[in-house]
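Hello,

Here is the structure you are taking over. Please open it alongside this note, and then read on for what was found.

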Amino acid sequence: QVQLVESGGGLVQAGGSLRLSCKASGSIFSINAMDWYRQAPGKEREFIARIFSGGRTDYADSVKGRFTISRDDAKNTVYLQMNSLKPEDTGVYYCSSDVTSYARSRFVVWGQGTQVTVSS
């Protein structure tokens with residue numbers, strides 16, 4: 001069993017910064033891609049950023065140049081540094097991870113989410 005736990009959300013003024021963390025724990029043989037998504041009130045969950053095991057990254061156009069995803073494989077943790085935050089960045093941020101377990105099963109697991117609120 002694998003679990004993801006996000007942290008670092010909160011309330012920040014527009015133009016401010018936050019750093020989210022997501023730590024994976026459990027029966028992990030390897031972690032492939034790790035993603036961040038967000039869901040704004042009344043909207044569908046949307047992709048924000050991805051980092052692959054080799055370090056390659058992808059970003060949604062809406063956050064390019066403002067958000068940076070990184071990972072610490074020794075800690076099984078992915079980070080999302082969010083700068084120049086805008087009110088439209090408000091939402092629940094979810095971490096997901098493409099994991100291979102020690103039993104060599106491969107699956108995607110989701111965290112419980114962390115709230116980010118950006119005030120204008």
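Strands (E, at least two residues) and helices (H or I, at least four) are DSSP runs, numbered from the N terminus. This is a predicted model, where local features need pLDDT of at least 70, side-chain atom pairs count only at pLDDT 80 or more, and totals for chains, interfaces and linings use all residues. Residues are numbered from 1 along each chain as its sequence is written, and side-chain values use heavy atoms, with hydrogens and water left out.

The overall picture

The protein chain has zero helices and eleven strands. Read from the N terminus, the order is β-β-β-β-β-β-β-β-β-β-β. The C-alpha trace spans about 50 × 25 × 25 Å along its principal axes. The radius of gyration is 14 Å, which agrees with the value near 14 Å for a compact globule of 120 residues. That radius is taken over C-alpha atoms, and the globule rule is 2.2 Å times the number of residues to the power 0.38.

Buried residues make up 44% of the 120 residues. Buried means under 20% relative accessible area, exposed means over 50%, and partly exposed lies in between (1.4 Å probe, protein chains only). The accessible surface of the protein chain comes to about 6,200 Å². Carbon and sulfur atoms hold 47% of that surface. These areas come from the Shrake-Rupley method with a 1.4 Å probe; for residues, only the protein chains shown count as cover.

Contact means heavy atoms within 4.5 Å. Among contacts between residues at least 6 apart in sequence, 55% join residues at least 24 apart.

The disulfide

Which residues does the disulfide join? It joins C22 to C95, with S to S at 2.2 Å. The cut-off is a pair of cysteine sulfur atoms within 2.5 Å. By this rule, the count is one disulfide. C22 sits in strand β3 (residues 18-26) and C95 in strand β9 (residues 91-101), so the pair links distant parts of the chain, 73 residues apart. The link of C22 and C95 is left-handed, with -80 degrees about the S-S bond. Are these cysteines buried or exposed? C22 is buried at 0% relative accessibility, and C95 is buried at 0% too.

S97

Strand β9 also holds S97. S97 is buried, with a relative accessible area of 1%. Leaving out residues up to four places away in sequence, S97 touches L4, I31, A33, M34, F107, V108 and V109.

Loop residues

Most residues other than glycine have a negative phi. Two residues to look at here are S84 and R104.

- S84 has a positive phi, near 50 degrees. S84 lies in the loop between β8 (77-82) and β9. S84 is partly exposed, at 42% relative accessible area.
- R104 has a positive phi of about 70 degrees, although R104 is not a glycine. R104 is in the loop between β9 and β10 (106-110). R104 counts as exposed, at 52% relative accessibility.

Q112 is in the loop between β10 and β11 (114-119). Q112 counts as partly exposed, at 47% relative accessibility. Which residues does Q112 touch, not counting residues up to four places away in sequence? Q112 touches L4, V5, E6 and Y94. Q112 and R71 are 41 residues apart in sequence and 19 Å apart in space, C-alpha to C-alpha.

Best wishes
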